[in-house]
Amino acid sequence: MSITSQNTSDSRMISLLEWLASLSEFHLDVQTVRPASSDASFRRYFRVDSPTGSYVVMDAPPDKERVEPFIHIADIFGRSGVAVPRVLAKNIEKGFLLLSDLGVTTYLNELNDETANRLYLDAIDALISIQSISQPDVLPEYDRAALLRELELFPEWYIGKHLNVQMSEKQKAELDKVFRLILANNLSQPQVFVHRDYHSRNLMRLGQNDNNPGILDFQDALFGPITYDLVSLLKDAYIEWDEEKVLDWVIRYWEKAKRIGLPVNPDIDLFYRDFEFMGIQRHLKVLGIFARLYHRDGKEAYLNDIPLVLKYADKTARRYSELAPLARLLDEIQDKKQDVTYSF
């Protein structure tokens, strides 16, 4: 069933359909408008057909989301040679964009033991292409305030709201100390363009001879730590790989990045440590975000992805002595949650 027959009470949808109908040069069939994908933000995406193929439509309510960053970053990333949606028409005032369609096949749909190596090597090449054109003062900085704000989602939403656990003053002090250690590492890393959600749901498998992967959902890109997107890719919240494979892909990235002059740590052991410390920042943030998506926004599906993210965080925390207080805290809050859950 098309959007036009099931959702005409949506005033934004009516406005969107009117805008699409006005784009006569694209010969769009507004009767074919249908949901294209879900999003963790307020944005909505739709697909619409024409005699020459399909297009994707972004609906970003201006009071909640701005389309200008998407337009700006699509232009920047596109100049690196990677495949991103082209902006074909726009109504900035209303928050509507008509985009080229990168298809329906995500990396997550396609990844398996046979395809993983090729797909990840393609994604690593594309990431290096983006990083290789990085310049300061083009994108906002992924600074200490932003990184800390993200870390604070973990105690607020995951520990406090999701687990319903009140931390002691000692636990809070220990967590603050761990946060300072994590941030010191993150901020010491070389800075490049950072997609911020470079993972299997935002990478599209294109045709065999195309410029894989297609890259989506980059509108929040910043200028920040060089290992951030590599962590998003290889310690993905939605799919897990053996550590041996992850290490192999990290090394392959490191070798290629070093070869073209990206400012990676010249010591692979120290580079991998940077990768792991960046991972801790991202995983604690994601635990907070997934809890918030459930408790605040009613998006229950993200609860299914919490165990893997928690596993990543726990394993890294146990690997480095400086992070031992975090490993201890994870044990304590999980134990307390079980005590609450099973007490009578």
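**Reading the sheet, the helices and the confidence**

Modeller: β3 and β5 pair in the antiparallel sense over five bridges. Two strands count as paired if DSSP finds at least two bridges between them. Helices (H or I, at least four residues) and strands (E, at least two) are DSSP runs, numbered from the N terminus. This is a predicted model, in which local features need pLDDT of at least 70 and side-chain atom pairs count only at pLDDT 80 or more, while totals for chains, interfaces and linings use all residues. Residues are numbered from 1 along each chain as its sequence is written, and side-chain values use heavy atoms, with hydrogens and water left out.

Biologist: Which residue stands opposite Phe96 in β5?

Modeller: Asp59 does.

Biologist: What is the strand order of the open sheet?

Modeller: The order is β1-β2-β3-β5-β4, five strands with antiparallel pairing. At the edges are β1 (29-37) and β4 (87-91), each pairing on one side only. On average, neighbouring strands of this sheet are turned by 25° against each other, direction ignored. Helix α2 (residues 11-22) packs on the sheet and touches β1, β2, β3, β4 and β5 (96-100); the direction of α2 makes about 55° with that of β5. A contact here means heavy atoms within 4.5 Å. Axes are lines fitted to C-alpha atoms, for helices over the stretch in contact, and angles run from 0 to 180 degrees between N-to-C directions.

Biologist: How many bridges join β2 and β3?

Modeller: Strand β2 (residues 44-50) and strand β3 (residues 53-59) pair over seven bridges, in the antiparallel sense. They form a hairpin with two residues between them. In a regular strand the side chains alternate between the two faces of the sheet. Across this pair, Tyr45 stands opposite Met58, and Phe46 stands opposite Val57.

Biologist: Is β3 mostly covered or mostly uncovered?

Modeller: Mostly covered: five of the seven residues of β3 are buried. Buried means under 20% relative accessible area, exposed over 50%, and partly exposed in between (1.4 Å probe, protein chains only).

Biologist: How do I read a pair of helices?

Modeller: Two packed helices are described by the angle between their axes and the distance between the axes. Helix α6 (residues 144-151) and helix α11 (residues 268-295) pack at an angle of about 50°, with axes 7 Å apart. The two are therefore oblique to each other. Angles under 35 degrees count as roughly parallel, over 145 as roughly antiparallel, 65 to 115 as roughly perpendicular and the rest as oblique.

Biologist: Which residues of α6 and α11 meet?

Modeller: Leu147, Glu150 and Leu151 in α6 meet Met278, Gln281, Leu284 and Lys285 in α11.

Biologist: Where is Asn185 found, and what does it touch?

Modeller: Asn185 is in helix α8 (residues 169-188). Asn185 is buried, with a relative accessible area of 7%. Not counting residues up to four places away in sequence, Asn185 touches Arg273, Asp274, Phe277 and Met278.

Biologist: How should I read the confidence?

Modeller: pLDDT is the predictor's confidence in each residue, from 0 to 100. The chain averages a pLDDT of 93, and 93% of the residues score at least 70. Where pLDDT is low, the predicted coordinates should not be read in detail. Over residues 1-9 the pLDDT stays under 50, and the model has 15 contacts beyond four places in sequence for them. Residues 339-344 have pLDDT below 50 and zero contacts in the model beyond near neighbours in sequence.
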